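User: Could you take a close look at one part of this model for me? I'd like to focus on a single chain and one spot inside it.

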Amino acid sequence: MKPRTVAVAAGFVLVVAFPWLPFVEPSQVINANLAGEYAIVAISLVILTGWVGQISLAHGAFVGIGAFTTGILARNFGIPFPANLPIVMVVSAGVAALLGVIALRVRGLYLAVATLIFAWMADAWLFTSTWLVGSGGASSIQNKVIGREAAIPSFDFSNKRTFYLVVLATLIATVSIARNLRESKTGRAFFAVRGSEMAAVSLGIDLTRYKLLAFALSGGLAGVAGNLLMTDLRTATPVAFQFTVSLFYLSIVVVGGLTSVGGAIAASVLFAGLNEVFFRVTALNGWLDFVTVGLLLLVLLVYPGGLGALGAAARDQIGRLSGGVSERVRAWRTSRRTPGDVGDEGDSTQATSGAPELAEIEVEPLAEEPGDGLGVFSRFRTLIQDRRVRQPERRVLELPDLETLGTSGIPEPEPLDWREISIDHFKLPKSRAAREPVLNAEHITVQFGGLTAVDDVSLEVREHEIVGLIGPNGAGKTTMFNAIAGLNEPTSGRVQIFGTDATELPVHRRAQMGVGRTFQLIQLFPQLTVFENLLVATHGHNPTGVLRHLLMTPAAVDEERASRLLVHKVIELVGLEEISDQSVTGLPFGLLRQVELARALVTQSPLLMLDEPASGLDNAETDEFAHLLRFLRAETGVTILLIEHDVRMVTSISDYIYVINRGQLLAEGQPASIQRNPTVVAAYLGQSLDSQPKAALAHA
Amino acid sequence: MLSFLSDVVVNIVLTTPLVGAYTMFALGIVFIYRASKVLNLAHGAMAMFPAYLFFALAGAVGAYPAAVLAVLAGGALGVIVERVVVRRLRSVSPTAQVVGTVAVLGLLIALAARVWGTTPLSAPSVFPEVSYRVGDAQLQLGSIGLFVVSLLVAGGFIALFRFTDLGLAMRASADNRTASSLMGIDPDRTTVLAWLFAGLLAALGGVLLGASTNLHPFILSLQVLPAFVAALLGGLENVKGAVYGSFVVGLAVGIVPTLGHWGERVGAPQLALAVLAFVIMSLRGAKVVAGDVRSGL
């Protein structure tokens, strides 16, 4: 056996045997139980705040709801400990999901205040209600219903040492659930929501679903901790769950590093240890809260990565000293997790736990919608409509076998770089009528208040085409684009995608039909590697649900393997092998554009919508990107709609061009005819038709 | 019916000190949000702590000097929070800033609880101890004083923002830090000023509220939460809106307990306000995606 395995096994035995060790005193067992209970709450907060980016200042209240529900179940219904656990979990998950509904509407700072108000309401109303807490302001359960005469006769839950094992087992289950989640489709969707909600919906991720899921999951785990606390202490008073307790839990998580499960456990043990120390040393009496919060402030100001980052740094240091042992361990863990995988994606927990994590959560200030006074009823109606409309069939783009690239089916000796592959073999059918329509936007009008941004514009994109939508600044291009993608609701007009009416569908459901997109301001997930960014885009292919992810069932593992293979294929196709393990932060802009395009490709959407892909690129990079688009079209038959400022690029690659100006369609046609069209030239250059810029347009 | 109405009126009159305190807190919250784009969750502690200082100093130096000292200390506290926590964490992330203010809140509550304990204390009055009969209840002069002072202060700040260069500079740097610094305004200076004003206001509200009710580390700190609701009601960046919001919230707190059996329950006003806040947030909140998009056109 390897020395590391022995050390881990010995450590585990020590942890399990802790309450029976000769020098351990009863108060230490009590605090060890507390540490476990803290850790479960902390992990629930790591999932919600660290992973999904939703701040909660109400976790103390969720724990309290779990504890008091346990009391009611035991007292009034005679349901003893292990049996009441699932009920408590469901109840607190439900309450948390209700609060999550608020998170659908507000974000960041506002959500923090919403949870704060919830905690305040819970203090003032919920935890003073006799129906919940019981008369006399305290909930208690008798030993009998949790003890040896009840559910499991040979197991005495009122024994602290026995209960230590229960807490430990629950904690281990919680940790494994969190780890499974982290490596699954659901976990990636969580990270995507935190990284960029915009990009998440464009990849088919349902924000409503995943935000509510995160709240329910987190609240459910907090409820479990409350259940354990109640069963452990056998009595609970509202003081134990008041607002400052929520701050205490947040302190644990921040000190632990916010996104790190290991850090959360370490911080829980640390805080429970402080409990013990402050209990023993009388001089320190009464300073525990102060020291706790002081520690929080210290970590925040001095080392925002917290214990999680400290641990990661220490691991790296040890790895360097011991000649890369940890590197080998890491490789082994990777290969074991996804057997048969192409296996070069690196250990994702390692990749993301090193940096100061707090820095990576962006909280956007609330943006108000212009001219939006519709109120809650119309919103509610939209929500219902969204759910009622049936999801149209999904279209999938076939990706080519890498061996046959560039040759229309004749195998090459080895896969080539797309930069060197000629795309001359691709011929688009001459007549436009011979191509199937993919996208029809009919008579789209978009008004903001009294302002008409897009006025009765129709456009059509047909199979395998590259269609350009151009126009001067402020012409309404982006509004039109957003109306097609589902970000703006058109005032009138219809959007048909693959022959199906999609006007009523929200963004993520249009994405699920097979519409991929990229953004003018690149929307990659900053805390993920290139590989992981692409992996998020497999969301729509993976039919497994969250329960399978929590348990990592064989079906979930199979899907995970398939997803990784797909991503690897796209990485080879686009030629991103060398950067696949790098974090996207710090990559050159031209590469980021390619990564974002690759991510859209992973969705295997037959229609790609590109928002100003050449903006921010120099001429050489633009040419390279244009060649990549032509190459992908030639190899996969993907259909592309792009809006662009760079007239040179659009006219060089498009098969058909629409020009809009001041919200109206100015011209449409083949690139050559557009370049000659005097109204187009006038719109771009003002009224004067002479001189240099016109020449530039003509030469392009 | 008539007795119900008179109950309502009495309750409204009795909540005037709360309206005054909420106004001062909500104004501070708005100042800080405009200057730093941070919701200052430490605001409650910035009200509570000076209230305790007033309590501690009043015995030694008398009520009026103690009140002045405590309010000044509150201003200093605001500046310290901005300098030490909020500004340093600006480069980290807005989340870190929020957590930072939470930490300050916890720190001050813990300190107050350690020094003065968690049993409610009653502070000496700032205004003379005269009370008036309103229906079956007594209204202290201190409560009226609190309300009047808050109105004067609110009016003063609205005038300051509207009519002075300083107000213009503060509004400009709140709107666009970079642009206003190019215009020769030092945004750090206006930010500190905003926190100073907010700290003074919070302390004034805390001292007066503490003097007309009780001192308690949590309860006094959490009295700021209705002010958050008030600021939200007013639109969070709007000084006048914060004042109107405080009236609405104060009236809600006054009226709810008269609404029959349900309203008399402990915590019913808090429940009502929480529901109100959630409804406002749901209506005001940006549609999830649209906030991220360039607004088109």
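Analyst: Here's a walk through chain B, ending at one of its threonines. Keep in mind that this is a predicted model.

Let's start with the chain as a whole. Chain B has 297 residues, and 56% of them are buried. Its secondary structure comes to 14 helices and 2 strands. If you take the contacts in chain B between residues at least 6 apart in sequence, 74% of them link residues at least 24 apart.

Now for one of the helices. H4 of chain B runs over residues 63–90, which makes 28 residues. At 1.5 Å a residue it should span 40 Å, and the C-alpha atoms at its ends lie 38 Å apart, so the two figures agree. That said, H4(B) does have a kink of about 35°, and the kink is centred on Glu82(B).

And now the spot itself, Thr15(B). You'll find Thr15(B) in the loop between helix H1 (2–14) and helix H2 (16–36) of chain B. Its relative accessibility is 7%, and buried means under 20%, so Thr15(B) counts as buried. What does Thr15(B) touch, leaving aside neighbours within four places in sequence? The contacts are Gly250(B), Val253(B) and Gly254(B). Take Gly250(B): 235 residues separate it from Thr15(B) along the chain, yet the two C-alpha atoms are 6.3 Å apart.

How values were computed: Residues are numbered from 1 along each chain as its sequence is written. Chains are lettered from A and ligands numbered from 1 in the order in which they are written. This is a predicted model: local features need pLDDT of at least 70, side-chain atom pairs count only at pLDDT 80 or more; totals for chains, interfaces and linings use all residues. Side-chain values use heavy atoms; hydrogens and water are left out. Helices (H or I, at least four residues) and strands (E, at least two) are DSSP runs, numbered from the N terminus. The expected span of a helix is 1.5 Å times one less than its number of residues. The bend at a residue is the angle between axes fitted to the seven residues ending there and the seven starting there. Buried means under 20% relative accessible area, exposed over 50%, partly exposed in between (1.4 Å probe, protein chains only). Contact means heavy atoms within 4.5 Å.
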